[in-house]
Amino acid sequence: MKVHIDLRSDTVTKPTPAMRKAMAEAEVGDDVYGEDPTVNALQEKIAQLLGKEASLFVPSGTMANQLAIKSHTQPGDEVIIEASSHPFNFEGGAGAALSGVQFHCLEGRRGILDASQIEEAIRPLDHHFPVTRLICLENTHNRGGGAIYPVEKIETISRLARDRGLLIHLDGARLWNASAATRIPLCEYAKWVDSVSVCLSKGLGAPIGSLVAGSKILIDRVHRFRKMFGGGMRQAGIIAAAGIYAIDHHIERLKEDHKNAKRLALGLNEIRGVSIHPENVETNIILFDISQTGMTASLLTEEMKKNGVLIHPIGKTQVRLVTHLDVTEEDIETALNLFKEVLHRK
Ligand SMILES: *Cc1c(COP(=O)(O)O)cnc(C)c1O
C-alpha cells in the first residue's frame, strides 16, 4: 500500500520545488575557508532573528546541541537536564562520549522544569561533588508533546543561573513552533540563555541543517569543535539556501500545523478508549494512549501502515503524531477516519 500520510515526525518533509530551485541557484564557496556567501547569509540571518552576536551552521540538531555542551563544559562537569529531553535520551550518549559530562536528570511536567527544582539540584562547592556548570532546556519539548516553555519560566531559570554562575543551553529544535504559537519573538526566548540551537529540518521543511547561536566568543569555540567533530562542510550553500528559503516562506505557515494538530487531537478524543488531553496540544505534536482499547501501539502502527498512514509508537500503548508541511487538512480527516475504523475493528 502506498504511503500517503506520514505523521511520524516533522523531519519527513521533502523540499518543495521552490526550495529546490533556491538550492540549485545558490551562490557557493568553500565554507571551511568562510567563503560561502549563502552560508554566511544564513548565519547572519539566524543570529539576528535570535538576537545573538553570531551563529554557526552545522549538519544536525544533535551536533548543534553537542557542540554547545562541549563548548560550555569541562569533562566531569555536571549538566542539569530534564529526564525525557532530547540531548539525554536521543543523541547516542554523546554528552558522555564527546564531552565527558555527567547529566543530572530532573523530572519535568511535560518536559518543563521549575527554577526551584533546578536550584535544589545545584551542587554545593565541595571537592566531593561534581561541578554543576550547565542547564539544558528544550523548547518546544519533544517528549513533552510539543510543550511550550513559558518565557517567564525561562527568565526565572536564567536569573537563578546568573546568580549561581551557571550557563544555559536551549535546545530550540522547534523554537519556531513555540514562537509561532505564542507570537513571542524568537529573540525574547533566546535572550535568557547563553546558547541556542535551532533546526531547519523539522517543521521548517529544509532537508538538512541546524545552527548554534550565542556570543562571538562562544561561537568561535563552537566553530573549533565543529571542525573536531567532523562537521566542517565545503560548498554548504546548497543546503543553507534551503534554510534561508524555509525561514522566508515556512515560518508563517506553522500555525496551520498547529491547527491541524489540534483538530487531530480533538478528533482522537472522540474515539472510545483513546486517552488524550487536547488542551495539552500547544504546537504540532500529539501524544495519546490506547491502553483502554486493548490494542498495542505497535499493532495500531501496523494496521495504520497497511492503509497508508504512518505513525510513531513511543511506548507499549503510547503513540506520537506530528503535523507538518506535507500534511493537509484533508489528510487529518482521512487519518481520523482510519483511526476510528482500526481502533474499533478489533
Ligand atoms: C530533532 C531534535 C533534535 C536534533 O535532531 P537531529 O536529528 O540530530 O537533527 C534535537 N532536539 C530536539 C528536541 C529534537 O526534536
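A polar side-chain atom of aspartate 171 lies 2.6 Å from a nitrogen atom of the ligand, a polar contact in the sense of a pair of N or O atoms within 3.5 Å. Taken alone, the ligand exposes 380 Å², of which the protein buries 84%, with accessible areas taken from the Shrake-Rupley method with a 1.4 Å probe. The model is predicted, so that local features need pLDDT of at least 70 and side-chain atom pairs count only at pLDDT 80 or more, while totals for chains, interfaces and linings use all residues. Residues are numbered from 1 along each chain as its sequence is written, and side-chain values use heavy atoms, with hydrogens and water left out.

**Ligand site**

- The ligand is surrounded by Ser60, Gly61, Thr62, Asn65, His86, Glu91, Glu138, Asn142, Asp171, Ala173, Arg174 and Lys202, where a residue is near if one of its heavy atoms lies within 4 Å.
- By class, this shell has one nonpolar, six polar and five charged residues, with Asp, Glu, Lys and Arg counted as charged and Gly among the polar residues.
- Helix H3 (residues 61-72) gives the most to the shell, with three residues; helices here are DSSP runs (H or I, at least four residues) and strands are runs of E (at least two), numbered from the N terminus.
- An oxygen atom of the ligand is 2.8 Å from a polar backbone atom of glycine 61, and an oxygen atom of the ligand is 2.6 Å from an N or O atom in the side chain of threonine 62.

**Salt bridges**

- The structure holds 16 salt bridges, each a side-chain nitrogen of Lys or Arg within 4 Å of a carboxyl oxygen of Asp or Glu.
- In one of them, lysine 45 pairs with aspartate 248, the closest N and O atoms being 2.9 Å apart.
- Because lysine 45 lies in helix H2 (residues 37-50) and aspartate 248 in helix H11 (residues 237-249), the pair ties together parts that are 203 residues apart in sequence.

**Backbone features in loops**

- Most residues other than glycine have a negative phi, and most peptide bonds are trans.
- A cis peptide bond, with omega of about -5 degrees, joins asparagine 139 and threonine 140, and threonine 140 lies in the loop between strand E5 (132-138) and helix H7 (151-164).
- Arginine 110, although not a glycine, has a positive phi of about 50 degrees, and arginine 110 lies in the loop between strand E4 (102-106) and helix H6 (115-121).

Terms used
A polar contact is a pair of N or O atoms within 3.5 Å; within protein, one must be able to donate a hydrogen and the other to accept it, and residues adjacent in sequence count only if both atoms are side-chain atoms.
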